[in-house]
Amino acid sequence: MESSSAKAGGSTRREATRQKLYEAAVTLIAEQGFSATTVDEIAERAGVAKGTVYYNFASKSVLFEELLRHGVGLLTASLKEAAEQAAREGRGKVDALDAMIRAGLVFIDRYPAFTQLYVAELWRTNRAWQSTLMVVRQEAVAVVEGVLREGVAAGEFSDEIDVQLTAAALVGMVLVAALDWKSFQPERSLDDVHAALSRLLQGRVSGRV
């Protein structure tokens, strides 16, 4: 039997390989589309043998589905951490939402190709991974919903707020604004974009001008 250290080392290596495959796949698919991207191209871009792709993922579709889970999972984790950090610092729910907006922008700044791909896939309904995409999307939106519900309960937000729709709108605002920033206004800084969205949040959600 393998020692625990050997197993850990093997697991680390496999995760590193999967990460390389994720990065290669997201870049290629964002550049040329899912159908046009081949497993050979993914393997070549990742610097691994074709068999390595199939060792880690049963097919190109499975790779892409796991890529969506992985990417949205990272986004969800960053949103949770931002909300939890605000809570640890004793800040209000508006500040927590603002921190989550910044966390979302930081994520998109780091992974622009994945964000572009994710937004494009949200509009497609004929993909094998559509149900998975809806599940992971809801996990991210649910983090924002939780903060909004806590804000309503604490009296920070009006109880007339449609929590579900507002949470989806906030997530959508960050995604679309960030893609516009990256595509058409790349000269603007992250701080500048965050400040603009923060002012919108303060005026619309909290009711402050």
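**Exercise 1. Work out whether phenylalanine 107 and phenylalanine 114 are buried or exposed, and how their rings are arranged.**

Keep in mind that this is a predicted model.

Step 1: Start with burial. Phenylalanine 107 and phenylalanine 114 are both buried. For phenylalanine 107, the relative accessibility is 7%, so it counts as buried, because the cut-off for buried is under 20%.

Step 2: Now look at the rings. Phenylalanine 107 and phenylalanine 114 form an edge-to-face aromatic pair, with 6.2 Å from centre to centre and 90° between the planes.

**Exercise 2. Find what kind of pair phenylalanine 107 makes with tyrosine 111, and which cluster the ring pairs build.**

Step 1: Searching the whole structure turns up 5 aromatic pairs.

Step 2: In the pair of phenylalanine 107 and tyrosine 111, the ring centres are 5.0 Å apart and the planes sit at 50°, so this pair is tilted.

Step 3: Check the accessibility of tyrosine 111: at 24%, this residue counts as partly exposed.

Step 4: Phe107, Tyr111, Phe114 and Tyr118 are linked into a cluster by ring pairs.

**Exercise 3. Name the lysines that lie over the face of phenylalanine 34 and of tryptophan 181.**

Step 1: Over the face of phenylalanine 34 you'll find lysine 60, 4.3 Å from the ring centre.

Step 2: Over the face of tryptophan 181 you'll find lysine 182, 4.5 Å from the ring centre.

**Exercise 4. Decide which side of helix H2 its buried residues take.**

Step 1: List them. Helix H2 covers residues 39-46, and its buried residues are Val39, Ile42, Ala43 and Ala46.

Step 2: Look around the axis. These residues span an arc of only 95°, which puts them on the same side of H2.

Step 3: See what comes next. Just after H2, glycine 47 has a positive phi of about 75°.

Step 4: Compare with the record. An unreviewed UniProt entry annotates residues 38-57 as "DNA-binding region". Over residues 38-57, the chain is 75% helix and 0% strand, with the end C-alpha atoms 14 Å apart.

**Exercise 5. Find how much space lies in the largest cavity and which helix gives the largest share of its lining.**

Step 1: Rolling a water-sized probe over the atoms shows where empty space is left. Here, the search finds 1 cavity of 30 Å³ or more.

Step 2: The largest cavity holds about 140 Å³ of space.

Step 3: Its lining includes Leu75, Met100, Gly104, Val144 and Leu175.

Step 4: Helices H4 (60-88), H5 (93-110) and H8 (163-184) each supply at least two lining residues. H5 gives the largest share, with 5 residues.

Technical notes. Residues numbered from 1 in each chain as written. Predicted model: local features only at pLDDT ≥ 70, side-chain atom pairs only at ≥ 80, totals over all residues. Heavy atoms only, no water. UniProt positions renumbered as here; feature names shortened; annotations may be inferred. Helix = DSSP H or I, 4+ residues; strand = E, 2+ residues; numbered from the N terminus. Buried < 20%, exposed > 50% of the residue type's maximum accessible area, 1.4 Å probe, protein only. Arc of directions from axis to C-beta. Phe/Tyr/Trp six-rings, centres within 6.5 Å; stacked < 30°, edge-to-face > 60°. Lys NZ or Arg CZ within 6 Å of the ring centre and 35° of its normal. 1 Å grid on protein atoms, 1.4 Å probe; cavity = no way out; pocket = protein on both sides within 12 Å on 5 of 7 lines; lining within 4 Å. Points joined across faces, edges and corners; volume = space filled by probe spheres on them.
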